[in-house]
Amino acid sequence: MKDDIDTIIESGLVCPVIESALVCPAPINPHSQILLAHGGGGRLMQQLLDTVFLPAFANPLLNARHDGAVIEFGTTRLAFTTDSYVVQPLFFPGGDIGSLAVNGTINDLAMCGARPLFLSAGFIIEEGLPMETLQRVVASMRHAAHAAGVTIVTGDTKVVDKGKGDGLFINTAGIGIIEHPLRIAPDAVQPGDAILLSGDIGRHGIAIMAMREGLNFESTLESDCAALAAPVLELIHAGIDIHCLRDLTRGGLAAALIEIAEAARLQINIEESLIPVVQEVQGACELLGFDPLHVANEGRFVAFIPAGQVNQTLDILRRHPVGQEACLIGHAQHGTAGRVTLQSRIGVQRIVDRLSGEQLPRIC
Amino acid sequence: MKFVDEYRDKDAATRMAAAIAQVTTRPWTIMEICGGQTHAIVKYGIDQLLPGAITLVHGPGCPVCVTPVELIDKALEIAALPDVIFCSFGDMLRVPGTHRDLLAVKANGGDVRIVYAPLDAIKLAQRHPGKQIVFFAVGFETTAPATALAVLQASQMNITNFSLLVAHVCVPPAMEAILAGPHNQVQGFLAAGHVCTVMGYTEYETLAQCYQTPIIVTGFEPLDILHGVYLCVKQLEEGRATVENQYARAVRRAGSRDAQRLITEVFEVTHRQWRGLGTIADSGLGLRERYAGFDAERRFGAAAPGATTAAECISALVLQGIKKPQACPAFGKRCTPEQPLGAPMVSTEGACAAYYRYRRPPDSRATLQKTNP
């Protein structure tokens with residue numbers, strides 16, 4: 001075996017680090033296959049990041065585990081991010097895969113405190129997709145990009161055999177510029193920071209679920225899909241000393257707060273009665289046995305700021321359509337690092353934990 | 001939200017907890033039967049509002065938890081067959097059989113689908129006449145009427161590509177098994193409100209009398225559970241043992257006659273094995289002979305006995321209220337929701353999973369990372 005390796009090395013086909021490569025750099029993942037739950041934003045996905053991607057690509061920018069990487073060129077700071085969109089159905093109340101793909105990447109840049117500038121768009125299209133569907137999606141992307149002031153400057157198209165895709169998958173990557181000296185990152189959170197939530201939670205996940213599963217509400221529940229850059233940039237412009245921002249996508253509010261608590265090595269305490277949830281979302285969650293804390297959003301974020309700036313921040317957020325219901329939901333503090341606790345409605349504290357994968361509807 | 005918020009009111013909960021403290025003079029152990037109640041107790045921290053003398057222990061009322069491994073293995077075997085669409089309620093998908101779970105079968109190409117009602121499986125059978133549609137009929141008396149309705153509909157419509165893997169269980173025989181057990185510690189029960197919505201509570205009156213144990217039919221919201229505990233403690237303190245109905249907004253003494261008729265038409269009472277508890281006489285529902293054509297075990301072969309649970313797992317003791325989840329040496333270390341040794345760690349309504357999710361000690365996350373390979 002050793003001889004074989006030497007031969008390969010001598011052939012110049014691979015570099016000599018192959019010997020160390022024989023020692024697995026990552027802990028062996030307990031799952032021999034990828035399960036859907038590995039993409040659910042829960043503990044399994046975390047495991048995948050910890051055991052496969054982070055060890056393989058480790059570098060300081062990636063290790064920051066932010067929504068995007070913040071890259072410095074001299075005095076210029078850029079934010080760079082990417083995200084793929086596989087939502088089904090392609091069109092849903094409040095949005096579609098196109099607006100989602102544009103807003104989602106804009107939001108990842110905004111969460112770095114950046115002004116989003118340029119996006120790329122990659123399309124993986126399944127053979128047989130109606131042309132009209134693609135045109136509607138593209139028009140929606142153009143509209144969303146225009147509304148947020150970003151330009152789609154490069155792209156790619158691939159068509160796969162019928163049955164090898166699910167209609168349409170979109171990848172977008174984005175670049176934004178950071179025009180202020182703030183360091184906005186999970187590990188910049190300070191003890192005593194106030195946690196503000198930009199609006200009610202759970203709309204996107206439940207709207208998609210309702211459409212997919214044929215649940216009907218008295219009124220149409222719309223996804224919260226929206227671009228969040230405008231309120232964030234206004235907060236920065238107004239001098240709010242933002243320590244961390246995070247949009248609440250897969251895994252919901254719970255997963256976002258746990259990730260931040262772990263990175264900041266602080267404890268986060270929130271209060272259940274302060275977290276707004278609209279009646280349709282709460283009702284659907286009661287029926288299905290879901291917890292709104294874990295349901296996905298596409299137009300909501302949390303901001304960690306000094307406690308003294310809460311009122312000013314809320315005033316600014318509430319002037320924006322996406323922040324009208326903004327509210328204070330809790331604080332960060334010393335305590336058990338990485339732990340998120342919630343004061344329940346009846347006044348008792350409990351842990352907020354990551355789920356294994358996606359929430360599954362219960363039996364009864 | 002109406003019908004929810006008023007039962008989660010902090011002031012009312014505090015007042016109810018004070019009332020419980022006032023009537024409590026001695027230690028009492030009370031078991032809530034239903035996994036939904038267990039989940040609410042741990043999630044809202046209801047037990048932490050109670051006086052120290054009251055111990056709540058958690059019963060076997062999580063259908064996912066008590067479904068025997070043999071049946072899950074059978075489900076996995078059927079679900080992996082090429083021309084089968086296997087339908088299940090969502091929270092069965094992660095329950096481990098001997099070697100894997102339904103999600104793993106799905107990842108390997110098995111057609112496994114989550115349904116919200118058994119009638120959804122009938123619709124699938126109509127849409128896919130070339131496929132065999134198998135529904136995993138799990139649950140207590142609460143879900144049995146809906147399963148029965150699906151069987152009746154399939155029978156009336158002559159749908160032949162539909163069958164059931166039946167794992168239905170009944171609550172009262174399990175309660176009796178616990179009360180009659182040599183190590184029983186349960187002095188009072190909170191009965192499962194939803195089961196009683198269907199079955200009523202006349203069956204419990206005999207139990208309460210025979211075993212001199214108060215049984216309170218109880219709902220699922222924090223105030224329901226606190227009120228149930230209050231009524232139970234009051235009876236215990238006064239030396240009474242009757243059935244009381246706390247959940248009167250949903251439950252009548254006779255239950256739902258229509259739902260019961262459906263169950264009786266389609267099912268007969270059988271012995272049933274409970275994961276962790278063993279076989280309990282007359283504790284399950286099986287298809288009557290005239291509907292036996294819908295029995296997946298006849299169509300695809302019977303479940304093979306002999307599957308075992310990990311030796312370290314104490315779920316049998318947890319399900320009988322003899323031990324609490326944290327008393328298990330594997331809890332949070334070798335047994336986690338991702339790699340469960342026993343079913344109570346899997347279902348969101350299982351007692352171990354509820355404690356793991358809401359009560360894990362601060363160091364177990366670190367321990368978990370260290371011990372996982």
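## Stop one: an asparagine in chain A

Start by selecting N297(A), which sits in the loop between helix 10 (279-288) and strand 11 (301-305) of chain A. Keep in mind as you look around that this is a predicted model.

Is N297(A) buried or exposed? With 0% relative accessibility, N297(A) counts as buried, because anything under 20% does.

Now show what surrounds N297(A). Leaving aside neighbours within four places in sequence, N297(A) is in contact with a run of residues, D200(A), I201(A), G202(A), R203(A) and H204(A), and also with D224(A), L248(A), T249(A), G252(A) and L253(A).

## Stop two: where the chains touch

Colour the two chains separately and go to the place where they meet. Chain A puts 45 residues into the contact, and chain B puts in 48. Together the chains bury about 4000 Å², and carbon and sulfur atoms give 55% of that area.

How many salt bridges run between chain B and chain A? The count is three. To see a salt bridge up close, select R8(B) and E286(A), whose side chains meet with N and O 2.8 Å apart. There are also seven residue pairs in polar contact between chain B and chain A, with both residues at pLDDT 80 or more.

Which parts of chain B give two or more residues to the side that touches chain A? Select these helices of chain B in turn:

- helix 1 (10-23) and helix 2 (35-44)
- helix 3 (63-66) and helix 5 (102-107)
- helix 15 (351-359) and helix 16 (364-371)

Colour that side of chain B by residue class and you'll find 25 nonpolar, eight polar and 15 charged residues.

Before moving on, select R43(A), D353(A) and R360(B) together. These three are linked in a network of salt bridges.

Across all chains, a search of the whole structure finds 31 salt bridges. Here are a few to visit.

In chain A, select D161(A) and K164(A). Their side chains meet in a salt bridge, with N and O 3.8 Å apart. K164(A) counts as exposed, at 63% relative accessibility, whereas D161(A) counts as partly exposed, at 46%.

Switch to chain B and pick K234(B) and E238(B). Their closest N and O atoms are 3.1 Å apart, and the two form a salt bridge. Both lie in helix 11 (residues 222-238) of chain B, four residues apart, which is about one turn of the helix. K234(B) is partly exposed at 28% relative accessibility, and E238(B) is partly exposed at 44%.

Next comes R288(B), which forms a salt bridge with E268(B), the closest N and O atoms being 3.9 Å apart. This pair links distant parts of the chain, 20 residues apart: R288(B) is in the loop between strand 11 (278-287) and helix 13 (296-300) of chain B, and E268(B) is in strand 10 (residues 267-274) of chain B. Relative accessibility is 23% for R288(B), which counts as partly exposed, and 34% for E268(B), also partly exposed.

## Last stop: cysteines in chain B

How many disulfides does a search of the whole structure find? There is one over all chains. Select C62(B) and C65(B) to see the disulfide, with an S to S distance of 2.4 Å. The torsion about the S-S bond of C62(B) and C65(B) is about 70 degrees, so this disulfide is right-handed. C62(B) counts as buried at 3% relative accessibility, and C65(B) is buried too, at 1%.

Now select C232(B), which is in no disulfide: the nearest cysteine sulfur, that of C196(B), is 14 Å away. C232(B) counts as buried, at 0% relative accessibility. Finish on C313(B), which is also in no disulfide; the nearest cysteine sulfur belongs to C335(B), 6.2 Å away. At 18% relative accessibility, C313(B) counts as buried, because the cut-off is under 20%.

Key: Residues are numbered from 1 along each chain as its sequence is written. Chains are lettered from A and ligands numbered from 1 in the order in which they are written. Side-chain values use heavy atoms; hydrogens and water are left out. A salt bridge is a side-chain nitrogen of Lys or Arg within 4 Å of a carboxyl oxygen of Asp or Glu. Buried means under 20% relative accessible area, exposed over 50%, partly exposed in between (1.4 Å probe, protein chains only). Contact means heavy atoms within 4.5 Å. Buried area is the accessible area (1.4 Å probe) that two parts lose on being put together, summed over both. A polar contact is a pair of N or O atoms within 3.5 Å; within protein, one must be able to donate a hydrogen and the other to accept it, and residues adjacent in sequence count only if both atoms are side-chain atoms. Ala, Val, Leu, Ile, Met, Phe, Trp, Tyr, Cys and Pro count as nonpolar, Asp, Glu, Lys and Arg as charged, and the others, Gly among them, as polar. A disulfide is a pair of cysteine sulfur atoms within 2.5 Å.
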